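Subject: Structure handover

Hello,

Here is the structure for your files. My notes follow below it.

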Amino acid sequence: MAVKVLIVEDNPVARSFLCRVVRESFSDGMEITEAGDLEGARQQLARADAEPGGPGFKLILIDLELPDGNGMEFLGELANRPAVKIVTTLYSDDDHLFPALQRGADGYLLKEDRFEVLVEELQRIVRGQPPLSPAIARRLLSHFRPGSSGDSGPMGLNSGFGNLTSSATPSGRGVTLDPLPEWERLTPRENEVLTYLSKGFTIKEIANLMGIKWFTVNDHIKSIYKKLNVSSRAEAAVLASKQGLV
């Protein structure tokens with residue numbers, strides 16, 4: 001019987017790319033279902049549940065930024081399902097990583113990784129290991145290494161990351177920090193994309209310069225616009241110029 005897979009991703013090109021990654025990763029037959037938003041994903045789950053004697057989805061890939069909500073919310077809804085749940089995203093920061101693991105993600109992959117890297121990480125499922133992008137694995141090791149800030153002893157991870165506790169949990173004694181300026185909320189990758197945007201490069205040219213896929217650049221741009229509260233390349237370029245980024 002084919003293994004049922006659900007891919008929740010709003011970008012059709014990225015969705016197609018992830019389908020290829022899944023098919024390349026496993027020798028078993030794959031029955032892949034796609035959803036472009038949370039509502040569609042919920043409908044697909046309901047259909048799978050309604051099938052008599054059906055095994056349901058064994059693997060679910062979830063983007064964190066969706067048109068009608070946040071993938072974190074969907075992760076919480078999947079908490080009691082036996083499926084392997086893997087986040088596929090552009091976000092590598094603690095504010096996305098640790099909440100995702102706390103909500104039951106069994107793995108965390110960055111869509112900007114090379115095709116062969118994503119395939120290799122997904123194949124870890126067969127060996128009972130959590131699929132983690134190399135950058136994410138390094139981040140986790142750094143976070144939980146004795147002597148590092150936020151260290152809370154040995155990593156409290158099981159196969160589903162169910163016992164992971166983030167050091168970001170409020171203790172009631174923390175100091176209040178002023179919010180970061182908008183441009184400082186950007187990741188290094190986003191700053192790089194913004195610099196190229198401000199210099200007039202096209203999405204395709206930026207992708208070639210950075211060695212990533214064009215739809216990954218597009219996702220970075222969406223994130224930049226959201227963080228900077230702008231709606232156009234011109235507005236983003238003006239702000240970048242004011243802050244000396246270009």
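Is serine 223 buried or exposed, and why? Serine 223 counts as buried because its relative accessibility is 4%. (Buried means under 20% relative accessible area, exposed over 50%, and partly exposed in between, with a 1.4 Å probe and protein chains only.)

Ground rules before the rest. This is a predicted model, in which local features need pLDDT of at least 70, side-chain atom pairs count only at pLDDT 80 or more, and totals for chains, interfaces and linings use all residues. Residues are numbered from 1 along each chain as its sequence is written, and side-chain values use heavy atoms, with hydrogens and water left out.

**Overall**

The protein has 10 helices and 7 strands. (These are DSSP runs numbered from the N terminus: helices are H or I with at least four residues, strands are E with at least two.) Of its 246 residues, 43% are buried. The accessible surface comes to about 12,800 Å². Carbon and sulfur atoms hold 50% of that surface. (Areas come from the Shrake-Rupley method with a 1.4 Å probe; for residues, only the protein chains shown count as cover.) Take the contacts with a separation of 6 or more: 64% of them join residues 24 or more positions apart. (Contact means heavy atoms within 4.5 Å.)

**Serine 223**

Back to serine 223, which sits in helix H9 (residues 214-228). Its side chain makes a polar contact with the side chain of glutamate 190, at 2.7 Å. (A polar contact is a pair of N or O atoms within 3.5 Å; within protein, one must be able to donate a hydrogen and the other to accept it, and residues adjacent in sequence count only if both atoms are side-chain atoms.) Not counting residues up to four places away in sequence, serine 223 touches Tyr91 and Glu190.

**Glutamate 9**

Glutamate 9 lies in the loop between strand E1 (3-8) and helix H1 (12-25). Why is glutamate 9 classed as buried? Its relative accessibility is 0%, so it counts as buried. The glutamate 9 side chain reaches the backbone nitrogen of asparagine 11 at 2.9 Å. Beyond four places in sequence, the contacts of glutamate 9 include Arg15, Asp63 and Lys111.

H4 covers residues 94-102. Its buried residues are His96, Leu97, Phe98, Pro99, Ala100 and Leu101. What caps the N-terminal end of H4? Aspartate 93 does, with a side-chain oxygen 3.2 Å from the backbone nitrogen of aspartate 95. After H4 comes glycine 104, with a positive phi near 110°.

Arginine 139 and aspartate 93 are 46 residues apart in sequence, yet 8.7 Å apart C-alpha to C-alpha. Arginine 139 is partly exposed because its relative accessible area is 35%.

**Leucine 59**

Leucine 59 is in strand E3 (residues 59-62). At 6% relative accessibility, leucine 59 counts as buried. Outside four places in sequence, its contacts include Lys4, Phe26, Ala83 and Ile125.

**Pocket and cavity**

Both come from a 1 Å grid over the protein atoms alone. A cavity is a set of points where a 1.4 Å probe fits but cannot get out. A pocket is an open set with protein on both sides within 12 Å along at least five of seven lines. Lining residues have an atom within 4 Å of a point. Grid points are joined across faces, edges and corners, and a volume is the space filled by probe spheres set on the points.

The second largest pocket holds about 280 Å³. Of its 15 lining residues, Leu110, Glu112, Asp113, Ala135 and Arg189 are the closest to its centre. Helix H6 (residues 134-144) gives the largest share of the lining, 3 residues. By class, the lining has 6 nonpolar, 4 polar and 5 charged residues. (Nonpolar covers Ala, Val, Leu, Ile, Met, Phe, Trp, Tyr, Cys and Pro; charged covers Asp, Glu, Lys and Arg; the others, Gly among them, are polar.)

There is 1 cavity of 30 Å³ or more. The largest cavity holds about 30 Å³. Leu18, Val21, Leu61, Thr88, Leu109, Leu118 and Leu122 line it. That lining is 6 nonpolar and 1 polar, with no charged residues.

Best wishes
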